[in-house]
Amino acid sequence: MLRFVLRRLIQMVGVVLVLSVLVFVWLRSLPGGPVSALLGERGTPERRAALEKALGLDQPLPVQYLRYMERAVQGDFGVSTKVLPGEDALDIFFARLPATIELSFFALVIAIALGIPLGYLAARRKGTPLDTTTVIFSLVGVAVPVFFTGFLLKYFFAVEWNLLPVSGRQSTGLDATRVTGLFVLDGILTREWDAAWDALKHLVLPAVALATIPFAVIFRITRASVLDVLDEDYVRTAEAKGLTAQVIRGRHVLRNAILPVVTTVGLQVGALLSGAVLTETVFSIRGIGDALATAFRDKDYPVLQVLIIAAAAIYVLVNLLVDIAYAVIDPRIRTR
Amino acid sequence: MTPTPELPPERTTYAERRSQRIDALASASAAEEGGVSLIKSAWRRLRRNPVFLVGLAITVAFIALALVAPWLAPWDPAARPLLDDVRPQSNPVPGPEAGHPLGADDKGRDLLSRLLVGSQQTLLVGVLATFFGLLGGLVLGTLAGAVGGWIDSLVMRIVDVMLSIPSLLLAFTLAALATRPSQWTLIIAIATVQVPIFARLLRGSMLAQRASDHVLAARSLGVKQRAIVFRHMLPNALGPVIVQATLVLAVAIIDAAALSFLGLGNPDDRRPEWGQMLGKAQPFLGEAPHLAFYPAACIIVVALGFTLMGESLREALDPKTRR
């Protein structure tokens with residue numbers, strides 16, 4: 001098990017390294033590049049040359065990359081030009097991380113809590129109206145652009161019916177103590193229940209919007225996987241042995257059907273990261289997604305670089321954890 | 001008892017498993033059934049599948065609309081007949097009136113005409129993004145699958161790295177790297193993200209073909225390598241790729257909307273595109289939600305059409321569900 005984890009960690013470092021090279025080369029190959037981004041309209045040839053020298057951009061690309069990596073391992077990824085001008089790019093990442101973790105976590109909880117039971121039920125009652133309705137719902141869920149789902153929810157639940165807050169993470173004027181930066185958890189830890197409740201209310205709409213696609217995917221995989229397992233000989237054998245429906249369900253069907261679902265949940269972290277860019281923009285949540293959206297739009301390359309590499313690292317890391325979970329659930333993998 | 005060798009995918013990475021899913025789809029094309037060709041038996045079941053028929057109907061209607069839209073549209077989508085009615089403060093988006101059943105957008109352009117003509121650019125973005133993604137995947141996948149050896153390893157390592165970045169995020173990044181965003185940068189960004197998926201799919205298909213009897217027969221008859229690849233392997237390997245292309249069409253149209261929403265799409269809106277219309281309607285959501293709802297509804301219906309068709313095609317071509 002330890003060797004397995006170690007090997008995967010090394011692979012992960014490899015992927016992130018290759019990625020950093022790619023992002024680096026991409027950014028440097030842009031017409032104009034960072035100098036134009038910094039100088040904007042004021043770029044005379046002399047000023048450009050001076051700045052290029054100051055930034056070390058007159059060096060060959062491999063040298064530039066090594067210098068960048070040398071600073072990067074010391075935690076210096078450069079300074080933001082547009083998102084928060086002058087702020088350290090890595091600091092922005094850490095400042096924004098809790099909001100995105102909180103949002104993604106709730107979205108994933110919603111997707112799993114609805115997707116797996118509904119997928120199971122739909123498979124057990126294949127062909128019934130329940131099955132058809134949920135399948136259609138999941139297909140439509142994938143066809144709706146995520147940010148539009150966000151807008152629909154915001155428009156009806158916040159603007160028209162005034163049930164939930166329109167945007168942000170917390171009501172203005174509410175003075176809450178910060179511990180972790182995860183607002184709901186902070187409220188619970190400090191026993192400021194009103195703050196926790198307020199933060200939770202702010203989370204509902206964006207989390208539901210973000211959950212639509214992971215829900216649809218998890219639902220469909222669960223349904224397909226349960227259908228597969230129900231056809232297996234060992235389920236028929238279990239039935240023939242006279243085992244109770246409860247035992248068959250728990251030990252034979254669910255335990256086997258859950259494996260592909262676990263992998264899928266890991267892959268959904270990708271959808272969550274991409275979706276966070278859109279959802280956080282719609283609901284004005286100051287998270288990584290929102291910072292990415294600004295960095296994309298205003299070409300803040302230092303921030304872009306950090307966030308993209310970090311996002312990929314998170315994605316790869318989560319999937320490593322999923323693979324470990326996979327080994328825990330499936331003893332056949334563990335014993336080999 | 002000795003452990004069975006073909007037990008689960010042993011200690012595979014998530015990327016490998018994601019790959020295996022693609023490969024499983026790829027090998028589906030290699031399966032043959034006595035007498036009846038795969039396509040024939042698939043078509044026989046598809047004809048009676050309501051899901052497929054609904055998807056097909058939507059798709060055909062969409063393509064037909066895109067072809068005749070310029071003649072259907074009552075106004076030029078770039079003309080601004082209602083410009084005089086636009087009041088930035090009191091009435092930013094003129095409502096319906098005689099001759100303009102859906103009203104106008106924030107620049108006084110007829111909304112119905114823009115929706116109708118918008119189908120053209122939307123179809124174009126979807127088809128071109130899918131086409132370029134397919135083309136890139138075709139070249140890489142054929143190279144890897146037909147040549148094998150170190151080229152195969154190299155191509156597949158690149159593909160794996162690309163698959164390790166969430167795809168929509170990669171599309172955002174690529175589009176953001178363009179200094180002057182346009183319809184083309186958008187199309188290329190979406191297409192690039194699809195390349196590794198198509199490449200892996202095609203490679204798997206080609207490998208299955210390489211091991212098949214008809215290729216062995218061709219080789220023993222002394223047919224040239226190039227003819228084997230292009231005449232015998234490639235045409236037979238395309239089935240799952242076409243299924244994937246149908247699904248990618250839907251994804252491309254939805255992703256185009258997301259890119260436009262982030263301001264990474266085409267800034268020139270004289271030739272309308274639904275995703276762009278939806279993206280540009282955001283500032284007016286409070287006063288004129290219909291400006292966003294109409295293009296969004298169009299996107300949802302069309303994306304659903306392609307998805308329904310793709311999913312039922314996939315099911316029909318999957319040997320496990322064949323009877």
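Mentor: Along the sequence, chain A reads α-α-α-α-α-α-α-α-α-α-α-α-α-α. Please keep in mind that this is a predicted model.

Trainee: How many helices and strands does chain A have?

Mentor: Chain A has 14 helices and zero strands. Its C-alpha trace spans about 85 × 55 × 40 Å along the principal axes.

Trainee: What share of chain A counts as buried?

Mentor: Of its 336 residues, 47% count as buried. The accessible surface of chain A is about 16300 Å², with 64% of that belonging to carbon and sulfur atoms.

Trainee: And the contacts: what percentage join residues at least 24 apart?

Mentor: That is 70%, taken among the contacts in chain A between residues at least 6 apart in sequence.

Trainee: What makes A:Phe93 buried, and what makes A:Phe94 partly exposed?

Mentor: Buried means under 20% relative accessible area, exposed means over 50%, and partly exposed is in between. A:Phe93 has 9% relative accessibility, so the residue counts as buried. A:Phe94 has 49%, so that residue counts as partly exposed.

Trainee: What kind of aromatic pair do B:Phe62 and B:Trp274 form?

Mentor: A tilted one, with 5.5 Å from centre to centre and 40 degrees between the planes. Planes under 30 degrees apart would be stacked and over 60 edge-to-face, with the rest tilted.

Trainee: Which parts of chain B does that pair tie together?

Mentor: B:Phe62 lies in helix H3 (residues 50-72) and B:Trp274 in helix H11 (residues 274-280), so the pair ties together parts that are 212 residues apart in sequence. Both B:Phe62 and B:Trp274 are buried.

Trainee: Which residues form one aromatic cluster?

Mentor: A:Phe148, A:Tyr155, A:Phe156, A:Phe157, A:Trp161 and B:Phe293.

Trainee: Where does the charged end of A:Lys154 sit?

Mentor: Over the ring of A:Phe283, 6.0 Å from its centre.

Definitions and conventions
Residues numbered from 1 in each chain as written. Chains lettered and ligands numbered in written order. Predicted model: local features only at pLDDT ≥ 70, side-chain atom pairs only at ≥ 80, totals over all residues. Heavy atoms only, no water. Helix = DSSP H or I, 4+ residues; strand = E, 2+ residues; numbered from the N terminus. Buried < 20%, exposed > 50% of the residue type's maximum accessible area, 1.4 Å probe, protein only. Contact = heavy atoms within 4.5 Å. Areas by Shrake-Rupley, 256 points an atom, 1.4 Å probe, with all protein chains shown as cover. Phe/Tyr/Trp six-rings, centres within 6.5 Å; stacked < 30°, edge-to-face > 60°. Lys NZ or Arg CZ within 6 Å of the ring centre and 35° of its normal.
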